[in-house]
Amino acid sequence: MRWNGVIVSVAVAAGFYLTLFAGSGFGETVAAAGRLGPGWWLMILGLSLVNYVLRYLRWDAYLRLAGHRLPALRHLIVYVAGFALTTTPAKAGEAVRAIYLKPLGVGIRRTVATLYAERVVDVISIALLAMLLYRLPGGGYRWLAAVAGGGVLALLLLRHRFFLRAAAGLAFRFPGRRLRRFALHAVGCLRQAGPLLRGRWLTFGVLIGLASWGAEALAFHLVLQELGIPVGLAGAVGIYATAILAGALSFVPGGLGGTEAVMAALLLFTGAAPPEAMAATAIIRVATLWFAVALGVVALPALELAGRRATKSAPDGAVPALGGGRSKP
């Protein structure tokens with residue numbers, strides 16, 4: 001395993017957060033962050049775990065629908081291992097899942113299609129939560145809620161065959177062979193993910209998304225309350241979801257930079273003092289994004305070690321199915 005990407009992303013994030021703190025008064029921001037005791041940290045980290053567990057259960061259900069019944073513990077470790085590289089370029093964490101699921105009988109195309117479905121339903125869920133931004137006082141935020149609603153509508157339209165055919169026709173006209181192949185591959189994965197984006201499976205995925213991302217938004221609300229920032233639950237959910245959505249649309253791995261900037265700006269617009277706004281932003285990102293990365297950093301080497309042991313114990317020429325589970329190709 002190569003750790004260069006993880007180390008570089010952590011260093012870049014540390015520099016960014018130091019710059020963010022310096023702009024609001026480093027000492028005051030650190031003092032504000034220090035007001036959260038161990039009990040509060042356990043609570044917000046626990047809500048982050050709720051997010052990860054719910055999303056894993058949805059992911060497992062998606063693969064079961066395709067006929068893949070994987071050993072639960074091994075599959076959970078593979079899923080969490082993908083978090084290790086969330087903040088590295090090219091979203092390498094997604095590739096890690098494909099690599100480690102292949103010996104279990106899950107084809108790379110199936111994994112990528114499932115990732116597409118997961119991303120689409122997550123964006124729909126987060127955009128729905130972002131629409132709660134209209135609950136904040138003042139009318140300056142309502143256009144963001146309208147944009148989020150428009151994004152939900154666009155994604156719902158994109159899953160229909162007519163729009164998929166139109167997207168494929170557009171992809172054929174892309175300049176450059178590599179770009180054209182990438183666009184056609186994306187449309188193909190979206191087609192393969194089609195059953196997960198219709199009917200009860202779409203409803204199931206969005207409901208899980210609302211519950212999982214809502215848990216992290218609740219953690220954000222608790223942080224705001226402890227730091228004395230007077231934002232209600234609906235407003236806190238709207239701010240958190242809008243910031244996460246902005247980070248996703250920035251196409252920067254992990255939404256690094258964009259998420260923090262939007263979150264801090266929205267808190268400042270509500271009247272929060274700069275030290276408290278920056279502290280709340282840093283705390284929730286550590287408790288969500290960086291907590292996930294830390295879990296992935298633990299899971300990934302454990303997964304690789306188990307894989308090497310399975311390879312050594314397998315007969316010559318055999319490909320070990322890590323975990324010994326059953327999977328339908």
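## Terms and model

An axis is a line fitted to C-alpha atoms, for helices over the stretch in contact, and the angle, from 0 to 180 degrees, is taken between N-to-C directions. Helices (H or I, at least four residues) and strands (E, at least two) are DSSP runs, numbered from the N terminus.

This is a predicted model, in which local features need pLDDT of at least 70 and side-chain atom pairs count only at pLDDT 80 or more, while totals for chains, interfaces and linings use all residues. Residues are numbered from 1 along each chain as its sequence is written, and side-chain values use heavy atoms, with hydrogens and water left out.

## The chain as a whole

The protein chain has 13 helices and zero strands. Of its 329 residues, 47% are buried, where buried means under 20% relative accessible area, exposed means over 50%, and partly exposed lies in between (1.4 Å probe, protein chains only).

A contact means heavy atoms within 4.5 Å. Among contacts in the protein chain with a separation of 6 or more, 76% join residues 24 or more positions apart.

## Helices α6 and α10

Helices α6 (residues 108-130) and α10 (199-226) pack with their axes 8 Å apart, at an angle of about 55°. The two helices are therefore oblique to each other. Their crossing is right-handed; a crossing is right-handed if the near helix is turned clockwise from the far one by less than a right angle, and left-handed if anticlockwise.

On the α6 side, the contact is made by Val-121, Asp-122, Ile-124, Ser-125, Ile-126, Leu-128 and Leu-129. On the α10 side it is made by Leu-202, Gly-205, Val-206, Gly-209, Leu-210, Trp-213 and Gly-214. By class, this contact has nine nonpolar, four polar and one charged residues. Here Ala, Val, Leu, Ile, Met, Phe, Trp, Tyr, Cys and Pro count as nonpolar, Asp, Glu, Lys and Arg as charged, and the others, Gly among them, as polar.

## Helices α3 and α6

The axes of α3 (residues 38-65) and α6 come within 10 Å and cross at roughly 135°, so the pair is oblique. The crossing is right-handed. From α3, the contact uses Arg-55, Arg-58, Trp-59, Tyr-62 and Leu-63. Residues of α6 in this contact include Arg-110, Glu-118, Val-121 and Asp-122. The classes are six nonpolar, two polar and five charged residues.

## Helices α10 and α11

The axes of α10 and α11 come within 8 Å and cross at roughly 120°, which makes α10 oblique to α11. This crossing is right-handed. In α10, Trp-213, Glu-216, Ala-217, Leu-218, Phe-220, His-221 and Leu-224 take part. They meet Leu-233, Ala-236, Val-237, Ile-239, Tyr-240 and Ile-244 in α11. Eleven nonpolar, one polar and one charged residues form the contact.

## Nonpolar cores

In soluble globular proteins, nonpolar side chains tend to be buried together. A nonpolar core is a set of buried Ala, Val, Leu, Ile, Met, Phe, Trp, Tyr and Cys residues joined through side-chain atoms within 4.5 Å. The largest one has 55 residues, of which Phe-220, Leu-224, Leu-227, Ile-229, Ile-239 and Leu-267 touch the most other members. Two or more residues each come from α3, α6, α7 (142-158), α10, α11 (233-249), α12 (258-269) and α13 (274-313). Helix α10 gives the most, with eleven residues.

Leaving out residues up to four places away in sequence, Phe-220 touches Ala-236, Ile-239, Tyr-240, Met-263, Leu-267, Ala-280 and Ile-284. A second, separate core of 23 residues includes Leu-70, Tyr-79, Tyr-100 and Phe-291.

Ala-272 sits in the loop between α12 and α13 and counts as buried, at 9% relative accessibility. Apart from neighbours within four places in sequence, Ala-272 is in contact with Ile-229, Leu-267 and Ala-277. Ala-272 and Leu-227 are 45 residues apart in sequence and 9.7 Å apart in space, C-alpha to C-alpha.

Gly-34 lies in the loop between α2 (26-33) and α3. Gly-34 is exposed, because its relative accessible area is 58%. Its C-alpha atom is 9.9 Å from that of Ile-283, 249 residues apart along the chain. Leu-190, in helix α9 (residues 177-192), counts as buried at 13% relative accessibility. The C-alpha atoms of Leu-190 and Ala-113 are separated by 6.3 Å, and the two residues are 77 residues apart along the chain.

Notes
Parallel < 35°, antiparallel > 145°, perpendicular 65-115°, else oblique.
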